[in-house]
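Please walk through this model with its helix packing in mind.

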Amino acid sequence: MSKTRDKLIDIARQLFAHKGIENTTMNDIAQAAEKGRRTIYTYFKNKKDIYNAVIESESDKVIKKLSEIVSLSITPDQKLMEFIFQRFEAMKDLVYRNGSLRAGFFRDVRKVERARKATSPKEIRILETILQEGVDQGMFRIKHVDKTAMVMLLCLQGLDVPYIRDNFQELGIEKNKLRDYLYDFILYGIKQ
């Protein structure tokens, strides 16, 4: 990837965060980057293309952070909990870092799904690695690691908005107990 393309992506991200996606033009991006519009069109077909590049760039940062958990010198159950809470924090940081994209995140399910489409398969692979390590060490009893990882990620995605909005209290859940609740639910299940 070129430095110019990276710069355009970062400037577009900042403008989208500040002005909103709908209110940002390709001309705004060109002016902020001190480049001609032709330069932008060398790298991106249109605003949607640059928006997707912003999402991909932001998603790559999240995946890089989550990937590092696999090589930590901790037990698989600790890795799993670390993955869950680092993921929540990374999603929260991503949303808040992108300013007015916050409103879009909560309002437009299609945008959320588009953003998740880039990261979900990678997140599932990381979860599979952690779960398989737990199975190999005799810590986890899972028949279908791939399906379990997928279902687990879908469940975690369902908690993204309450975590980002920090409204667990409204739901009757003490946020400082969330780790314990998830640990109990995921690692001990609901079966006696």
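A crossing is left-handed if the near helix is turned anticlockwise from the far one by less than a right angle, and right-handed if clockwise. Helices here are DSSP runs of H or I, at least four residues long, numbered from the N terminus. This is a predicted model, in which local features need pLDDT of at least 70, side-chain atom pairs count only at pLDDT 80 or more, and totals for chains, interfaces and linings use all residues. Residues are numbered from 1 along each chain as its sequence is written, and side-chain values use heavy atoms, with hydrogens and water left out.

Start with α1 and α2. Helix α1 spans residues 3-19 and helix α2 spans residues 26-33. They pack at an angle of about 120 degrees, with their axes 9 Å apart. Axes are lines fitted to C-alpha atoms, for helices over the stretch in contact, and angles run from 0 to 180 degrees between N-to-C directions. The angle makes α1 oblique to α2. Under 35 degrees counts as roughly parallel, over 145 as roughly antiparallel, 65 to 115 as roughly perpendicular, and the rest as oblique. α1 passes α2 in a right-handed crossing. From α1, the contact (heavy atoms within 4.5 Å) takes K7, L8, I11, A12, L15, F16 and K19. From α2 come D28, I29, A32 and A33. By class, 8 of these residues are nonpolar, none is polar and 3 are charged. Ala, Val, Leu, Ile, Met, Phe, Trp, Tyr, Cys and Pro count as nonpolar, Asp, Glu, Lys and Arg as charged, and the others, Gly among them, as polar.

Now move to α4 and α5. Helix α4 covers residues 47-67, and helix α5 covers residues 76-97. Their packing angle is about 160 degrees, and their axes lie 10 Å apart. That makes α4 roughly antiparallel to α5. The crossing of α4 and α5 is right-handed. On the α4 side, E58, S59, K61, V62, K65 and L66 make the contact. On the α5 side, F83, Q86, R87, A90, M91, L94 and R97 do. The contact of α4 with α5 has 6 nonpolar, 2 polar and 5 charged residues.

Finish in the loops. E34 sits in the loop between α2 and α3 (37-43). Its phi is near 55 degrees, a positive value in a residue other than glycine. How exposed is E34? At 72% relative accessibility, E34 counts as exposed. Exposed means over 50% relative accessible area, buried under 20%, and partly exposed in between (1.4 Å probe, protein chains only). D166 is in the loop between α8 (145-165) and α9 (178-188). D166 also has a positive phi, near 55 degrees. With a relative accessible area of 43%, D166 is partly exposed.

Technical notes: Helices (H or I, at least four residues) and strands (E, at least two) are DSSP runs, numbered from the N terminus.
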